[in-house]
Amino acid sequence: ATHGRGMFSASFSGGGGGGGNILSLQYDDGVPTSGYFWGTAGQASANRMTPTVAGSKVTSISFYITGTNGTTARYKPLLLGNTANTPGSSLSTFAFRTAASVPGWDEIDVSSLNVTVNSDFFVGMEYDGTNKPSYGYDPVDNGRAWDKQSTTWASWNETYFMRASVQTPASDVVIESTVPQEFYLEQNYPNPFNPSTVIKYGLPKEQNVTLKVFDITGREVVTLVNNVLAAGTYTVSWNGKTSSGTTAASGTYIYRLQAGDYVRTMKMILQK
């Protein structure tokens with residue numbers, strides 16, 4: 001066991017998904033190396049989540065349960081705010097639940113809670129001291145794992161299989177675990193497009209990122225991304241809507257990616 005946790009050794013495969021205007025926040029590779037559990041009531045683990053834009057609505061949270069260790073898959077989900085870059089107060093209160101499928105992802109629809117986030121938040125699971133469902137992990141430090149062994153939270157140097165989905169006003173985003181060697185922005189596809197198009201970019205390191213669309217006169221149409229994002233490969237689908245929710249007119253548009261000192265702009269055509 002590691003600092004009070006039990007370890008269940010196994011290897012499983014997992015997956016996830018999302019729907020219209022949904023950003024799936026995934027920081028794991030989908031295949032956990034093993035599983036961890038806590039043995040004392042109130043102990044917990046959590047994963048730091050970063051929405052791409054402020055005002056995103058949390059629609060679901062999910063946990064990969066690798067096993068039950070002779071007990072049941074009972075745990076309490078956590079949805080926490082951010083206080084001084086550590087897990088903060090609860091954004092919503094949950095009852096203890098039992099995962100429906102083991103091994104596998106236990107996904108919880110939280111869209112009815114109407115929780116919106118402007119910056120980092122945390123999803124996690126708390127233990128009752130009796131049941132010991134293991135959550136998946138990889139022995140890779142992604143800078144997002146947190147543990148509460150007693151009364152305070154502390155960061156941990158691994159990757160936890162805990163995910164969230166948030167709804168954004170104008171885009172879908174898929175995050176891949178592949179980390180490129182350098183920053184890049186690709187030409188959108190299809191181009192010309194109607195009604196939606198895909199923009200792909202890569203970040204070799206965590207960086208403050210903005211991805212904006214402008215009309216040909218330089219007026220901002222919509223902000224697709226505006227936050228500090230982890231290293232990885234991002235695929236953004238723009239639905240052709242402006243920041244006010246109206247449909248953009250036919251014409252030539254400019255999209256600009258800024259990630260730290262890296263800035264690149266490209267043209268695209270909306271053709272109806």
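Colleague: What makes glutamate 220 and lysine 212 a salt bridge?

Modeller: In this predicted model, their side chains meet at 3.5 Å, N to O. The cut-off is within 4 Å, so the pair counts as a salt bridge.

Colleague: Why is glutamate 220 called partly exposed?

Modeller: Its relative accessibility is 39%. Buried needs under 20% and exposed needs over 50%. Glutamate 220 falls in between, so it is partly exposed.

Colleague: How do you know that aspartate 215 and arginine 219 form a salt bridge?

Modeller: The N to O value is 3.1 Å. That is within 4 Å, so the pair qualifies.

Colleague: Which of these is buried and which is exposed, aspartate 215 or arginine 219?

Modeller: Aspartate 215 has a relative accessible area of 13%. That is under 20%, so aspartate 215 is buried. Arginine 219 has 60%. That is over 50%, so arginine 219 is exposed.

Colleague: What makes arginine 48 and glutamate 206 a salt bridge?

Modeller: Their side chains meet at 3.8 Å, N to O. This is within 4 Å, so the pair counts. The two are 158 residues apart. Arginine 48 sits in strand S4, and glutamate 206 in the loop between strand S19 and strand S20.

Colleague: Why is arginine 48 called buried?

Modeller: Its relative accessibility is 14%. The limit is under 20%, so arginine 48 is buried. Glutamate 206, at 42%, counts as partly exposed.

Colleague: Which residues are linked with Arg48 in a network of salt bridges?

Modeller: Asp120 and Glu206.

Colleague: How many salt bridges does a search of the whole structure find?

Modeller: Eight.

Key. Residues numbered from 1 in each chain as written. Predicted model: local features only at pLDDT ≥ 70, side-chain atom pairs only at ≥ 80, totals over all residues. Heavy atoms only, no water. Helix = DSSP H or I, 4+ residues; strand = E, 2+ residues; numbered from the N terminus. Buried < 20%, exposed > 50% of the residue type's maximum accessible area, 1.4 Å probe, protein only.
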